[in-house]
Amino acid sequence: MTPGNNGASTPEDDDPFGYLYADGQANGAQPPSGGYGYPNSVNRVRPVGTRQYGQHAPAGAPVPQQQGAYGRPNTHYAAPETFPGGAPTAQHPSPGVGAGGGGGRGRGPNTKGLLIGAIAVVAAVVIGIGIAMSTSEGDDDKADGGATTAPTAQQSAKPSETASKGAEDEVELPAIDAKALRLDGGAATASDVEGAESDGGIYVTNLNQPGSTVTWTVNGIPEDGLYTLFTRYSTADDDQAMTLTVNGKPFGSKLNMSNFAGAKDGDFAKGWTQTFAWPTLSKGTNTISLSCQDGDKCNVLLDQMWLKAGKVKK
């Protein structure tokens with residue numbers, strides 16, 4: 001194809017360097033001044049920055065400077081949207097998303113909604129546990145017949161109050177050794193046999209004679225009532241029994257003075273033991289006597305006598 005007989009040159013036939021050759025110069029090729037070397041050639045090359053959105057730059061318009069010094073902004077540059085017909089800059093929310101939905105562009109997740117949901121779940125769990133515990137306790141009460149096994153504060157305080165009151169009310173009652181007793185009817189004191197616990201190891205002997213009597217005048221009885229009289233003695237023979245008199249009146253039965261220690265005949269040192277009776281005493285002073293009367297068995301050594309409140313055995 002040659003210029004002038006086939007019409008204007010097409011882009012693929014343009015030779016930007018045609019003006020350098022004789023045939024190109026014969027066809028009117030000239031140095032480039034915005035297009036290719038041939039006249040009326042298609043201008044495909046456009047310097048950077050000459051195009052504007054929405055309009056066409058006129059041919060031969062000066063090209064604005066696009067790159068300034070390194071690190072400095074280009075004062076000739078303008079964003080595409082600033083030119084007439086440039087791209088719109090407004091951002092529209094996604095369809096179906098409200099202003100407070102938290103799903104719009106540029107906003108994070110709705111943490112407030114998540115927090116409220118978490119609190120609601122925890123509250124539901126706590127309420128469920130409380131209902132389960134209440135139901136369990138109710139079933140236990142029904143199984144126990146409705147009785148509550150846990151003590152109240154008042155119930156817990158009663159035992160300690162009772163114990164304190166008992167300790168305050170406990171009064172030490174009188175006791176007596178053999179040498180402090182009043183002796184009548186041939187009764188005498190001795191200390192030859194070992195094992196007596198009275199002061200000096202003294203005990204009362206010769207009680208196996210009719211009429212022999214020991215008397216204890218008891219002072220300081222706090223109130224009328226039942227008391228326990230303890231008597232410590234020794235016997236090494238058959239079981240013995242003597243007459244007990246309280247405030248001048250014989251007690252209901254003989255005082256049992258059996259050989260509880262199991263001592264052999266004559267071995268009084270091994271026969272020490274004790275017995276008791278439950279006489280009724282009056283408040284204040286009382287008289288207690290132990291004597292050998294007709295039909296009694298009185299082969300004993302008498303050591304000590306003492307009292308305790310109430311009906312006890314030791």
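This is a predicted model: local features need pLDDT of at least 70, side-chain atom pairs count only at pLDDT 80 or more; totals for chains, interfaces and linings use all residues.
1. Salt bridges overall. The structure holds 5 salt bridges, and three residues, Glu197, Arg232 and Asp303, are joined by such bridges into a network.

2. Aspartate 303 and arginine 232 form a salt bridge in which the closest N and O atoms are 2.5 Å apart. Because aspartate 303 belongs to strand β13 and arginine 232 to strand β6 (residues 225–234), this pair ties together parts that are 71 residues apart in sequence. Both aspartate 303 and arginine 232 are buried.

3. A bridge between two loops. Lysine 254 and aspartate 296 meet through their side chains in a salt bridge, with an N to O distance of 2.7 Å. Lysine 254 sits in the loop between β8 (249–250) and β9, whereas aspartate 296 sits in the loop between β12 (284–291) and β13, so the pair ties together parts that are 42 residues apart in sequence. As for accessibility, lysine 254 is partly exposed, its relative accessible area being 43%, while aspartate 296, at 14%, is buried.

4. The bridge of aspartate 184. Aspartate 184 is paired with arginine 182 in a salt bridge whose closest N and O atoms are 3.4 Å apart. Aspartate 184 counts as partly exposed because its relative accessibility is 32%, and arginine 182, with a relative accessible area of 52%, is exposed.

5. Leucine 307. Which strand holds leucine 307? This residue is placed in strand β13, which spans residues 301–309, and leucine 307 is buried, with a relative accessible area of 4%. The C-alpha atoms of leucine 307 and threonine 228 are separated by 5.6 Å, although the two residues are 79 residues apart along the chain. Once neighbours within four places in sequence are left aside, the residues in contact with leucine 307 include Thr228 and Leu229, together with Leu173, Pro174, Trp216, Val218 and Ile221, and also Leu281 and Ile288.

6. Is aspartate 265 buried or exposed? Aspartate 265 counts as exposed, because its relative accessibility of 67% is over the 50% cut-off for that class.

Definitions and conventions. Residues are numbered from 1 along each chain as its sequence is written. Side-chain values use heavy atoms; hydrogens and water are left out. Buried means under 20% relative accessible area, exposed over 50%, partly exposed in between (1.4 Å probe, protein chains only). Helices (H or I, at least four residues) and strands (E, at least two) are DSSP runs, numbered from the N terminus. Contact means heavy atoms within 4.5 Å. A salt bridge is a side-chain nitrogen of Lys or Arg within 4 Å of a carboxyl oxygen of Asp or Glu.
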